[in-house]
Structure formats: structure tokens, C-alpha cells
Amino acid sequence: MATAKKSTETPQEQLEEAYHLAGQATSDAVGAMKEQAKDKLEAGTESIQQATQSTENMVKKHPLLSVGCAFLAGWAVSKLIK
């Protein structure tokens, strides 16, 4: 937050103060962005783990259906490639 200007400050001192305040603001913004990215990464990791677990359970419950779907998907991709 900006401080009250002193009338006795030289332009050099004012420039140094502005530089210091800009550095603090940049540091705060980078810290907030880093924290936000960390939260989103954790949420994404959790979502992927849940999807993996769900898929694993479905394959265990219906193994023949899973093999059939994999075969059908492979066949369809091979027809699209040709």
C-alpha cells in the first residue's frame, strides 16, 4: 500500500520508493498466483485419481465388455487411419 508522500523527498528517493513498492506488489501477485496454481493442480490430481479408480472398478466388474470395447475402439481407429 502506498505511503503518504513527504514533500522533502527528492525525485531519486521517490523513484526508489516506487521501485520498492512495485517489487512488493509483484512479489505478492506471484505468491498469490503460485498458491492458486498449487490448489488447481491438487484438484486436478484428485479428479484424475477418482476417474482412474472408477475406470478400474468398471473393468473389474465387466472384464469381457471392457475387452470388447477396446477391440472395437482399435478396429475403428484402424479403419479411420486407412
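The protein chain exposes about 7600 Å², and carbon and sulfur atoms supply 65% of this area; accessible areas come from the Shrake-Rupley method with a 1.4 Å probe, and for residues only the protein chains shown count as cover. The model is predicted, so local features need pLDDT of at least 70 and side-chain atom pairs count only at pLDDT 80 or more, while totals for chains, interfaces and linings use all residues. Residues are numbered from 1 along each chain as its sequence is written, and side-chain values use heavy atoms, with hydrogens and water left out.

Of the 82 residues of the protein chain, 1% count as buried (buried, under 20% relative accessible area; exposed, over 50%; partly exposed, in between; 1.4 Å probe, protein chains only). The protein chain has two helices and zero strands; helices (H or I, at least four residues) and strands (E, at least two) are DSSP runs numbered from the N terminus. Helix α1 covers residues 11–61, and helix α2 covers residues 63–81.

The radius of gyration of the protein chain is 29 Å, whereas a compact globule of 82 residues would have a value near 12 Å. This radius is taken over C-alpha atoms, and the globule rule is 2.2 Å times the number of residues to the power 0.38. Along the principal axes, the C-alpha atoms fill a box of roughly 85 × 35 × 10 Å. D28, which lies in helix α1, is 33 residues from K61 in sequence and 50 Å from K61 in space, C-alpha to C-alpha. D28 counts as exposed because its relative accessibility is 57%.

One salt bridge is present in the structure, defined as a side-chain nitrogen of Lys or Arg within 4 Å of a carboxyl oxygen of Asp or Glu. This contact joins the side chains of K60 and E56, at 3.3 Å from N to O. Both residues belong to helix α1 and are four residues apart, about one turn of the helix. K60 counts as exposed at 61% relative accessibility, and E56 counts as partly exposed at 36%.

F71, L72 and W75 make a nonpolar surface patch of about 390 Å². Patches are made of residues with over 30% relative accessible area and no salt bridge, like charges being joined within 9 Å and nonpolar side chains (Val, Leu, Ile, Met, Phe, Trp, Tyr) within 5 Å.
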